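Here is a short briefing for a first look. Please view the sequence and the structure before reading on.

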Amino acid sequence: AEGVESHAYQSDIARLMRVVVSHLYHDRDVFVRELLSNANDALEKVRLMALTNPSILAPAENLNVTVLADAESGRIVIRDSGVGMTKEQLASNLGTIARSGTSEFLENLEKGDGGNLIGQFGLGFYSSFLVADRVAVASKTADEDEQWVFESEANAEGFKIVKDPRGATLGRGTEITLYLKPDAQGDYLDVAKLRSLIQKHAEYNAAPIYLWSSALLDPAAAASTAAAVAEGEDDEVKVEDIDEAAQTTKAEWELINDRPPLWMREPKDVTEAEYEDFYVKTFKDSEPPLAWSHFKGDAGSTTFRALIYIPSGLPNDFYSKDYVSLDSLKLFVRRVFITSDLGKDYLEKHLNWVKVFIDVDDLPLNVGRDSLQKTRALAQIKRNLQKRIYDLFARLAAEDEAKYAELYSKAGTALKVGAVEDAKNRDRIVKLLRFETSALNGTTTNLDDVVKRRKQGQTQIYFIAGAGQQKAMLQKSAFVERILARGYEVLYLTDPIDEMLVSTVPTYGGLRFQDVAKEGVTFGDEDDSEKDEAEELKTTFAPLAAYLKKELAEYVDKVTISTRLTTSPCLVTASNFGYSGNMERLLAAQNG
Ligand code: ADP
Ligand code: MG
């Protein structure tokens, strides 16, 4: 026909299309998901543009997707009022693939799960050929007056581009006509099946999706629809407006996804399975989350909705210096996806493994990402989120201590970094910390319980620091024996950051952290006779102390007579203000 331009596919595409079609035969349903997701993407692009330039949208314009199934002509027509494509974009978006990794794709395909792969590798559009032996894509952008059609057959080496013979029927948007293969017509022209497929994939589509099927018409009306469908020559581009027929017969368009997206709903209207499914799909984790919270927040000038998920674990490289999280936080503005890359510093690094989804009602968007970060609203949202995240940890700990302990074994150090660095939330975070203790076997303790177990008159929380050492080793330390002999509890601080922690958080519940290897250990149960005895011993052994001090002047600051030991005769301890032996070992290792 006149004005038809023929193009060859980019070299790999024809081959890929054949591979996709032959491998995914039993996964043919995916075409619904892929084409709806493309339509949704195109609508999101319009909305994103409208956020900064509202004049793009006509005042009462409906952004939606329609799916029309016409049994008589064996066609499905999917239309969206999205951004549309110019003639050049039709050729480049549908005739080439942007992403490299063809061989990676093929390798993965051999392993199965091709249905998810085609989306990931930017091959979604080609899923059309799973069910259609011919596909026509008519499209028009807002800027251009002309409407163009891309047309291709399954197994073809190329495609055609032609100016739409119907003229510009599409205001703005894209219309995909699938000429169904005979063996696909039974399945996909069946309204019930098509409806359920759309429902299944519509969950993440923000735009309404309408379905119309000729099967919903009475037989007389169906016949008139069939008559309205023009006959066409086989090798010519042909696109006809079947839905004109649908509209003149006044059949109702059925709204399929009448539910708002998950995060816009009230928590009572969302099931656990839906929350988990949303998490797995949104954050691409294969494990379900441990806990979540879903809430509306107020950030002064604007409100927002947020979903916080605690994953089952941390990324393997989380504690490495180079860790950057690319996907921990998704930012939407009025249901439009803005970025998952707010910069690694938006949430503090130690929280940069918790998954956060936010949809803000109002955010100035005419600014680059760097200034976006500094807006007041985002800073306020961040404070709110941090508090909520710690509250969520606390809830998990209260509801399921075993689950929490398992998570803590991986995330504990990150939380301690938080306690050291985040002064505003310190009280909240310290409550979340757990420590090895002499008081419990096989489990760790929180600090509230340590305070509860204190003995009368006790003013200190006793600990021994031994980075990287086992509780069993520390238990045997001579420093510890005296404390245990008196029936007091000792915490074993085995994490390298613990000493930093207790120096940043010197007291808890009115008790002062006391390193048992340092000066200053006091007991609440010393009675007067004990004190007298100590004084007496001090006087008796003063000459010995003086002698030792003189002999060891090079090595020690002072020599004191102490009642801290039960069986060992003497101890070398660090002064209260100096580094502990443990810190000195760490520093030596660092400097060495
Ligand atoms: P992906 O969606 O991963 O980019 P697809 O094969 O699904 O890969 O689509 C290829 C490209 O074609 C899209 O990136 C988009 O630019 C364009 N496209 C597809 N469908 C539409 C549509 N309905 N409206 C506008 N552009 C579309
Ligand atoms: Mg796609």
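Predicted model: local features only at pLDDT ≥ 70, side-chain atom pairs only at ≥ 80, totals over all residues.

Residues are numbered from 1 along each chain as its sequence is written, while chains are lettered from A and ligands numbered from 1 in the order in which they are written.

**Confidence**

- The protein chain has an average pLDDT of 84, and 85% of the residues score at least 70; pLDDT is the predictor's confidence in each residue, from 0 to 100.
- Helices (H or I, at least four residues) and strands (E, at least two) are DSSP runs, numbered from the N terminus.
- Over residues 219-235, pLDDT stays under 50.
- For the complex, the predictor gives an ipTM of 0.99 and a pTM of 0.66.

**Helices H2 and H8**

- H2 (residues 30-52) packs on H8 (residues 191-202) at an angle of about 50°, with the axes 9 Å apart.
- That makes H2 oblique to H8; angles under 35 degrees count as roughly parallel, over 145 as roughly antiparallel, 65 to 115 as roughly perpendicular and the rest as oblique.
- Axes are lines fitted to C-alpha atoms, for helices over the stretch in contact, and angles run from 0 to 180 degrees between N-to-C directions.
- Val32, Arg33 and Leu36 in H2 meet Leu197, Ile198, His201 and Ala202 in H8; contact means C-beta atoms, placed from the backbone, within 7 Å.
- The residues of this contact are five nonpolar, one polar and one charged.
- Ala, Val, Leu, Ile, Met, Phe, Trp, Tyr, Cys and Pro count as nonpolar, Asp, Glu, Lys and Arg as charged, and the others, Gly among them, as polar.

**Helices H1 and H4**

- The axes of H1 (residues 11-23) and H4 (residues 102-111) come within 12 Å and cross at roughly 15°.
- That makes H1 roughly parallel to H4.
- Asp12, Leu16, Val19 and His23 in H1 meet Thr102, Leu106 and Leu109 in H4.
- By class, this contact has four nonpolar, two polar and one charged residues.

**Around ligand 1**

- Of the 16 residues around ligand 1, Asn38, Ala42, Asn93, Gly124 and Phe125 come nearest; a residue is near if its C-beta atom, placed from the backbone, lies within 6 Å.
- H2 and helix H3 (87-95) are the elements that give two or more residues to the shell.
- H2 gives the most, with four residues.
- The shell divides into seven nonpolar, seven polar and two charged residues.

How values were computed. Contact = placed C-beta atoms within 7 Å.
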